[in-house]
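Welcome! Please take a moment to look over the sequence and the 3D structure before reading on.

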Amino acid sequence: MDTEGLSVIYAGLGYVDEDDSGNRIGYAKTDYCLDNLKDLLRFLRHDDPQSRPMFKQVCKWNTVSKDLIPIIEYCQDDRNLVLNAVKVLVFLTMPIEASSNDISQQIEHLWGLKSSITHSNTIAVVMSLLESPLENLEHKALTEDDWKLVQLVLTLFWNILAIQDISLQQKAGESASQFLSLRDRFLELLFHENVMDLILVITQNVGGSSQYFRQDNLLLLEIFHCICMGQEPELLAKAHLNRSKVGRDTKTSLNSLKSILEEEEEKRKLSRIRKLNRSSQFRGAFTRVTMDGSKAFVKGNPTFTSHDKLLKPHQVQRGPLKKIVSDHGNLPSAKDNILEFVHDFVNQFLSGGYNVLMQSICEDIEKEHHAFQNSDVVVFFQVSQFVTSFQYHKFLISKPNRGSDTSDSFVNEYADSTFFKGDMCGPIAATMNAAMFLLVVLKWRKHLMA
């Protein structure tokens, strides 16, 4: 490993500006900060996937917390610089190879990265980068560059979401509760920053006139799998029963791109009124001027203060194409608001996006698409099983007096109800048909013959 070269790159990025109290007030980038970010990206691309010495060294130097996050937060006027910092984050949060060495140490580093990102304004700033692509999508003018930027951002969200497994050894220690809290806190952050609404919008466009997002169906499937991982379908289906009045009054459900843009526009108006003389402790809305002169909405603290809330990590494996076999069981969210958020999210997913996404994936599996591995097929079945169970329990709850009645008359009575939207399988029709049955049988036979 070229430690000296990596050290030169690290030193050439810049440094954090602090006030007399030690609070962050900005980031002083060097003249060659962008070049050094690109060099760092090249180093990470050529990192040994088995030992990942570059990754480990960057994490030991705490480069994400000391440099990358401050660059993203304070250098928003330099869009190219921010984009390259995001690219570096994507490489640093990539899943661990199953054959990699020192997996436990890499897991700890990943939990540390997740904590740093969660306790910063990174997600809000990254979402602001998508303002132009979302507007182009709304007006059916999405370009290839727009799609690549959305894909980059979705990959970052997926990478971080996938950092959530906890091994038996970690469960036995005192850190397990910290990891669960961090996992839920990051998920909650995604809801507050409209990331989940973005995911729903992109999913609905998988089968739209633009064919770009059709190529991201597997990425979206993995994101939904990470969101549902650890949740119990029955508990999730009942989450709304204990919802408080405040929650019912304040929860806003967005299921279209238009509603997202309208909400962001309202917040931009407020930020223009109140953007003068903000203190370093402010956590609200503000605007920035992009390179093309347009205004971009950003939520959070423009002069982020202390950043010392990093949890001492013990992490776990995540998995994109290559997945690490873990020895943990599912640990559902304990916070009621998280369950309510996920409950509403899955309901919106079933309102149209589920059938669109699963149908496209089913077609790719049947065609034996080169991008699909056996592990991806397993994820497909797991998401289908989870959603089917959720829909089943939701139906039982909606008919409490007949929940134990499994007779044909019970089924026929509600076969054409609005709950199923005129279709017995309704929102999950794409994975409850003859094609799905044949696919399951085919994969089962191949598994037995292997």
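Predicted model: local features only at pLDDT ≥ 70, side-chain atom pairs only at ≥ 80, totals over all residues.

The protein chain has 450 residues, of which 52% count as buried. Its secondary structure comes to 20 helices and four strands.

**The chain as a whole**
- Take the contacts between residues at least 6 apart in sequence: 76% of them join residues at least 24 apart.
- The accessible surface of the protein chain is about 21300 Å², and carbon and sulfur atoms account for 52% of that surface.

**Helix α4**
- Helix α4 covers residues 63-74, twelve residues in total.
- From its first C-alpha to its last, α4 reaches 15 Å, close to the 16 Å expected at 1.5 Å a residue.
- Eleven of the twelve residues of α4 are buried, so this helix is largely enclosed by the rest of the structure.
- Among the buried residues of α4 are Val 64, Leu 68, Ile 69, Ile 71 and Ile 72, and also Asp 67 and Glu 73.

**Helices α13 and α18**
- Two packed helices are described by the angle between their axes and the distance between the axes.
- Helix α13 (residues 217-228) packs with helix α18 (residues 374-398) at an angle of about 50°, and their axes are 10 Å apart.
- The crossing of α13 with α18 is left-handed.
- On the α13 side, the residues that meet α18 are Leu 218, Leu 221, Glu 222, His 225 and Cys 228.
- On the α18 side, the residues include Val 379, Phe 380, Val 383 and Phe 386.

Key:
Residues numbered from 1 in each chain as written. Heavy atoms only, no water. Helix = DSSP H or I, 4+ residues; strand = E, 2+ residues; numbered from the N terminus. Buried < 20%, exposed > 50% of the residue type's maximum accessible area, 1.4 Å probe, protein only. Contact = heavy atoms within 4.5 Å. Areas by Shrake-Rupley, 256 points an atom, 1.4 Å probe, with all protein chains shown as cover. Expected span 1.5 Å × (residues − 1). Axes fitted to C-alpha atoms, helices over the stretch in contact; angles between N-to-C directions. Left-handed = near helix turned anticlockwise from the far one by under 90°.
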